[in-house]
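Here are my notes on the model you sent. Please read them with the structure open.

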Amino acid sequence: MALKDWLKAEARQERAKLKEMSFQDKLWYIWEYYKIHMLIGCIILFFFYILGSIFYQKSFTTRLFYVVMNDPYASFSDYEGMSDGFKARMGYGNKERVDADTSLHISFGNSTSELDYASLAKITAIVASQDLDLLITNKDAVEHYAANDGLLDLEEVLPADLWELVKEDVYEAQDSSGAVFSAAVNLEHSNFRQKSGTQMEEPCFCLISNSKRIDTAIEFLRYLYEE
């Protein structure tokens, strides 16, 4: 008997068996005799789902990734709206991403909590992978990352016209050698709060030293000062 005919015969026999059973017996029979087949089927479907998700994510291009740290109002703010506004301003398409992580909170003091350690580990991993382009945070964090040579000197990297716009708002800090440099821009006089909807006090904008998208990060700073 050909395989096709054999499969048809088996299917007829199974249908005949199930037809004679009660509903509960059908459920027991299917589970008892086909649970391995169902498990294998679920594993195969899950595998294709994961594979599809990977390929789908690879179809996107990240144009900018930034972290907002130590904002107590983050959950009430609209950072997604601010990111979308920048996307529109840059003319990015649907598969070009501007992403933000606003969940990090670190206290740079004498006492460090488990949440601080988790946030430190997370941002260290992001910086090490060169995925982080800019940081918006408070002055304590600016001083910490400046002392660890994690920030660029804004006076050296900003275009002349943008530097003229922000130089009065520059916050200076010391690097690992003790040299003072332009580590951040205090966003008090920008439109950061209007664009994000936050009430964060003294938010500071910093450029991450190993970012691969510095030009885009600089354009983001310009965007924060635009009406």
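This is a predicted model: local features need pLDDT of at least 70, side-chain atom pairs count only at pLDDT 80 or more; totals for chains, interfaces and linings use all residues.

Is helix 9 mostly covered or mostly uncovered?

1. Helix 9 is mostly covered, with ten of its twelve residues buried. The buried set is I214, T216, A217, I218, F220, L221, R222, Y223, L224 and Y225. Note that R222 is on that list.

2. The length of helix 9 (residues 214-225) checks out. Twelve residues at 1.5 Å each should span 16 Å, and the end C-alpha atoms are 17 Å apart, so the two values agree.

3. Y92 sits in the loop between helix 3 (79-90) and strand 2 (96-104). Y92 counts as buried because its relative accessible area is 18%, and the cut-off is under 20%. R63 is 29 residues from Y92 along the chain, yet their C-alpha atoms are separated by 8.6 Å.

4. Strand 6 (residues 204-207) is buried on both sides. C204 and C206 point one way, F205 and L207 point the other way, and all are buried. In a regular strand, side chains alternate between the two faces of the sheet.

5. Strand 6 has partners to check. Strand 3 (residues 134-137) runs antiparallel to strand 6, and four bridges join them. Within this pairing, L135 stands opposite C206. Strand 5 (residues 180-186) also pairs with strand 6 in the antiparallel sense, over two bridges. Here N186 has C204 as its bridge partner.

6. For a surface feature, turn to I36, I40 and I44. They form a nonpolar patch with about 270 Å² of accessible area together. I44 belongs to helix 2 (residues 23-58). Why does I44 count as partly exposed? Its relative accessible area is 41%, so it falls between the 20% limit for buried and the 50% limit for exposed.

7. Last, the whole chain. It contains nine helices and six strands. Of its 227 residues, 37% count as buried. Among contacts with a separation of 6 or more, residues 24 or more positions apart account for 69%. The chain exposes about 13,900 Å², and carbon and sulfur atoms supply 55% of that area.

Definitions and conventions
Residues are numbered from 1 along each chain as its sequence is written. Side-chain values use heavy atoms; hydrogens and water are left out. Patches are made of residues with over 30% relative accessible area and no salt bridge: like charges are joined within 9 Å, nonpolar side chains (Val, Leu, Ile, Met, Phe, Trp, Tyr) within 5 Å. Accessible areas come from the Shrake-Rupley method with a 1.4 Å probe; for residues, only the protein chains shown count as cover. A salt bridge is a side-chain nitrogen of Lys or Arg within 4 Å of a carboxyl oxygen of Asp or Glu. Buried means under 20% relative accessible area, exposed over 50%, partly exposed in between (1.4 Å probe, protein chains only). The expected span of a helix is 1.5 Å times one less than its number of residues. Two strands pair if DSSP finds at least two bridges between them. Contact means heavy atoms within 4.5 Å.
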